[in-house]
Amino acid sequence: MLNIFIDLIPLAIMQGLILSFPTIGVMISFRLFNTADLAVEGTFTLGAAITGACLSLNLPLYLVFLSVIVGCSIVGALNRIISHVFKIDPLLSGIIVLTMLFSLYLRIMGTSNLPLFNSPSIFSKHDGEYGDYGIAIMCVIFTLTILRLYLKTYSGLVFLAAGKNPTLCQNYGFSPIKFGLIAGALASLCSGIGGSLMAQYQEFSDVNMGLGILVQALASLMIGEVLLNSTNLSHQLIAPVLGSIIYQIISALIISIGLSPTDLKFMTGILVLSVIGVRQRFAPMKS
Amino acid sequence: MILLDNICAGYSNRPILKDINLQINSGEFVHILGGNGAGKSTLFNVILGKVLPNKGTLLLDGTSGLNLKQLASKIAYVSQNTHQGTVPEFTIQENMELAFLRGQHAGLRFRSPNANTIKDQLALCELGLEDRIFTKAANLSGGQRQALSIIMALQRTPKILLLDEHTSALDPNTAKRIMELTNKVIRQHHITCLMITHNLHDVVKYGDRIIILKSGAVAQQLNSVEKSTLDHHHLIDLMLKVESSLC
């Protein structure tokens, strides 16, 4: 059992690094902007679908990532626009967008599963220079740095304020709706990049690859927050990455003790409940 | 100057304000009194641009149809809710930085707060906030938070200040200190101020004029001369008279 677990750890760390992207997306919408955003789950698969379609067309990698960023940002922002225009809860608009996206994946990929074995990927292109881990780490650091730099600007300050106190923001002449769009776009593009990296790493795209990613991301985020136990913004940004890696290591442990991979979703639920219990017991919930 | 000309406004199909005609001159400090449902908060929401009038014209400094930023650059608002005027998760310094952006464009410039300027402004309220600029607003007492929200509202010196029972949640000592601070700044900077309050002692002690609303209409106005002759008991009598006369 221990040998299996040790063998699984490198894979768990790699998956943790890649899956930290949707967790960063969840952190942006849930923590920084106080909104439940289900589009994050949909845009993970959308990122993979766009990547699959673009790589099949032999497009250069920078165009692949650009397409993912643009496509997922638009969907994330659209989710908020639907919520605002139809005056419905973002949770409901997220469900609607999520449902609609399923058809979109099939349109983009043309099939439910797209193998990418012969396509060049960010991992195959730079494998010799940095290795898979190096590339994944660089992607995570780059994304977090951009996010941190944005939050250090005046626009970033208003972004955070719009999430925490939209009425005050409006009184100060800033539109909470506009910053809601930015939050939706940022969360979805992070998730989309995660989906894109996962498709490139696994060398296939699948319409079901995002299933349950939201709960997984939420569990990861909470694990990271419990471990860091701090409301400091920098710690808040690191929490998704740390939590995601730990979550994948725990998943590896579950598999190594003999449980089937199909039991993982159930165990994820148990894990989320356990983390919520630990948070309530040892640390006050963040407002 | 604020000019409301035949303003009718309400929510959905429920009319609240009925043909309001008011002129508040520049630098005037006016109390808005009235019972619950008289239309005081709706009047503020109309001035703040949150409720659009069904009829009539609103002019702020001679202009109408201002957008969110233009309104924010002219008007500051402090509510009775001590949590509403600040971002609880922000430090005092971050809250002050946010306030400094009121009515401005929040661009992608890196923040460069001037701690000394912020401390000087916080020192005005004499609550020791200047020594705690890295404390989160959530960790302040109700009085300190309200003082902070007033200091924030007064950043960039607004032309109009709307105070909606801003001392109602505070203990008497803190409320007095906050009221004196507010009055001092209003007078110093010649700010036009409308204040909703149920504290008649404050009405007698501060301000230039009194407007009493009843059922969405102006029931009584007292100018500065009439106000100066009023004491607390006369004001209670007047309020009761207004309430009963229009029932």
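Predicted model: local features only at pLDDT ≥ 70, side-chain atom pairs only at ≥ 80, totals over all residues.

Let me begin with the overall build of chain A. Its secondary structure amounts to eleven helices and two strands. Read from the N terminus, the order of elements is α-α-α-α-β-α-α-α-α-β-α-α-α. Along the principal axes, the C-alpha atoms of chain A occupy a box of roughly 55 × 50 × 35 Å. If one takes the contacts in chain A between residues at least 6 apart in sequence, 77% of them join residues at least 24 apart.

I turn now to helix α4 of chain A, residues 90-109. How far apart are its end C-alpha atoms? They are 27 Å apart, which agrees with the 28 Å that its 20 residues should span at 1.5 Å a residue. The helix α4(A) does bend, by about 25°, at A:Phe102.

Which residues of α4(A) are buried? They are A:Pro90, A:Ser93, A:Gly94, A:Val97, A:Leu98, A:Leu101, A:Tyr105, A:Ile108 and A:Met109. As a reminder, an α-helix has 3.6 residues a turn, so residues three or four places apart point the same way. The partners against which the buried residues of α4(A) pack are α2 (39-56), α3 (61-85), β1 (113-115) and β2 (204-206) of chain A. After α4(A) comes A:Gly110, with a positive phi near 80°.

Next, chain B. Strands β1 (residues 2-11) and β2 (residues 14-24) of chain B pair in the antiparallel sense, over seven bridges. In this pairing, B:Ile2 stands opposite B:Ile24 in β2(B). The hairpin of β1(B) and β2(B) has two residues between the strands, and B:Ser12 there adopts a positive phi near 50°.

Finally, the interface. Here 25 residues of chain B are in contact with 18 residues of chain A. On the chain B side, the elements that give two or more residues are α2 (68-74) and α3 (92-100). The largest share of that side, five residues, is supplied by α2(B). Sorted by class, the side of chain B that touches chain A has 13 nonpolar, five polar and seven charged residues.

Thank you for your attention.

Methods
Residues numbered from 1 in each chain as written. Chains lettered and ligands numbered in written order. Contact = placed C-beta atoms within 7 Å. Helix = DSSP H or I, 4+ residues; strand = E, 2+ residues; numbered from the N terminus. Nonpolar A, V, L, I, M, F, W, Y, C, P; charged D, E, K, R; others polar. Expected span 1.5 Å × (residues − 1). Bend = angle between axes of the 7 residues up to and from the residue. Buried ≥ 20, exposed ≤ 12 C-beta atoms within 10 Å, placed from the backbone. Pairing = 2+ DSSP bridges.
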